[in-house]
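User: I have a protein model open and I'd like to go through it with you step by step. Could we start with a single residue and work outwards?

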Amino acid sequence: MIGDITEAKECPRKDPMDLFRSGQVVKICAPMVRYSKLAFRTLVRKYSCDLCYTPMIVAADFVRSAKARDSEFTTNKGDHPLIVQFAAKEAQVLCDAARIVCPFADGIDLNCGCPQRWAMAEGYGACLINKPELVKDMVRHVRNQINNPKFSVSIKIRIHEDLKRTVDLCQKAEATGVSWITVHGRSIEERHQPVHYDAIKTIKQSMSIPIVANGDIKTLKDAENVHQLTEADGVMVARGLLANPAMFAGYEETPFKCIQDWVDIALEHGTPFTCFHHHLMYMMERITSKQEKKVFNVLSSTSAVLDYLNDHYGV
């Protein structure tokens, strides 16, 4: 991490808000556990992704342990604009984490949307949508303690059953100086139910800061439709980009050039085999037969994967 970060220090900071001021829909790669790491961010940036998030990092561990910092956060001078997403429940801990990443990133995001049981049990993630005063306090602390006015502070939320509560939360966060809000259009209990794009639109119409729409966006066409439905300023994509990292560039399915780029980038970054292989499994999901998947998905070494890609696809 240290070598990469020294390099990043020389990079002029970018203001993520400039993307929202451009008038174009901002195309964003979501924070994904294990997946939205530096190598994958490097790949999607090549294919018209405007803004990338790190995977969610538990702020308390990050502040406490140098080992956690080294394993959780890696960046380089091409990795901008970059938002570091934290799980936190104490204002000062979030501030301390923000201060550590401030020289190397362009903003932080507070996770108020993760519905996983462990996160909620620890007081992180989606349970924060029921604690608007705590969210306000955390945003205010970061705003007061980070001197860089271009450093963004955003939040990512889910919606309440009673949408008035969500609007109230968003308005309180806006009043405290939050830069933008990403809204996943499902409640904490909903997993695969349809996304409530109408709810995102209501939130957008109640706010004067940018709103990002998130949930079930699989193609560029989906992104355009969601923008029309919600009037959101940006769209955030998770699984759609895993399946097709080139989707923001308009490709219907992962082009072979993108697979080649992933191989080059992953090898250059020393990506662990499991992560390297899983990304390829996602990317090739739509372009391989059942039989091919059976063979490809059980390969167990980088050299076996490289041989397979070379023999079957000339990659």
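Analyst: Let us start with Ala121, whose place is in helix α7, where helices (H or I, at least four residues) and strands (E, at least two) are DSSP runs numbered from the N terminus. This is a predicted model, so local features need pLDDT of at least 70 and side-chain atom pairs count only at pLDDT 80 or more, while totals for chains, interfaces and linings use all residues. Residues are numbered from 1 along each chain as its sequence is written, and side-chain values use heavy atoms, with hydrogens and water left out.

User: OK, is Ala121 buried or exposed?

Analyst: Ala121 is exposed, with a relative accessible area of 70%. Here buried means under 20% relative accessible area, exposed means over 50%, and partly exposed is in between, using a 1.4 Å probe and protein chains only.

User: And what separates the C-alpha atoms of Ala121 and Asp18?

Analyst: Those two C-alpha atoms are separated by 37 Å, and the residues are 103 apart along the chain.

User: What about Gly125, where is that found?

Analyst: Gly125 is found in the loop between α7 (117–121) and α8 (132–145). Gly125 is buried, with a relative accessible area of 0%. Not counting residues up to four places away in sequence, Gly125 touches Asn111, Cys112, Gly113 and Cys114, and contact means heavy atoms within 4.5 Å.

User: Switching topic: which residues touch the most other members in the largest nonpolar core?

Analyst: They are Phe86, Ile155, Ile181 and Leu309, in a core of 88 residues. Domain 1 (16–249) and domain 2 (256–313) both give residues to this core, so it lies between them. A nonpolar core is a set of buried Ala, Val, Leu, Ile, Met, Phe, Trp, Tyr and Cys residues joined through side-chain atoms within 4.5 Å, and the domain bounds come from an automatic or database domain assignment.

User: What does Ile181 touch?

Analyst: Leaving out residues up to four places away in sequence, Ile181 touches Ile155, Ile157, Cys170, Ala173, Met207, Ile209, Pro210, Ile211 and Val212. There is also a second, separate core of eleven residues, which includes Met17, Val26, Ile83 and Val212.

User: And how many Å separate the centres of the two domains?

Analyst: The centres of domain 1 and domain 2, taken over C-alpha atoms, are separated by 29 Å. The contact takes 16 residues from domain 1 and 13 residues from domain 2.

User: Now helices. At what angle do α10 and α11 pack?

Analyst: Helix α10 (residues 197–205) and helix α11 (residues 220–230) pack at about 55°, and their axes are 8 Å apart. Axes are lines fitted to C-alpha atoms, for helices over the stretch in contact, and angles run from 0 to 180 degrees between N-to-C directions. The two helices α10 and α11 are therefore oblique to each other, since angles under 35 degrees count as roughly parallel, over 145 as roughly antiparallel, 65 to 115 as roughly perpendicular and the rest as oblique.

User: Which residues meet there?

Analyst: From α10, Tyr197, Ile200, Lys201 and Lys204 meet Val226, Leu229 and Thr230 in α11. By class, this contact has four nonpolar, one polar and two charged residues, where Ala, Val, Leu, Ile, Met, Phe, Trp, Tyr, Cys and Pro count as nonpolar, Asp, Glu, Lys and Arg as charged, and the others, Gly among them, as polar.

User: And how many residues of α3 are buried?

Analyst: Seven of the nine residues of helix α3 (residues 38–46) are buried, so this helix is largely enclosed by the rest of the structure. Among them are Leu38, Phe40, Arg41 and Arg45. Just after α3 comes Ser48, which has a positive phi of about 70° although it is not a glycine. Ser48 is partly exposed, with a relative accessible area of 35%.

User: One last thing: which residues does a cis peptide bond join?

Analyst: A cis peptide bond joins His80 and Pro81, with omega about -5°. Pro81 has its place in the loop between α5 (66–72) and β4 (82–87).
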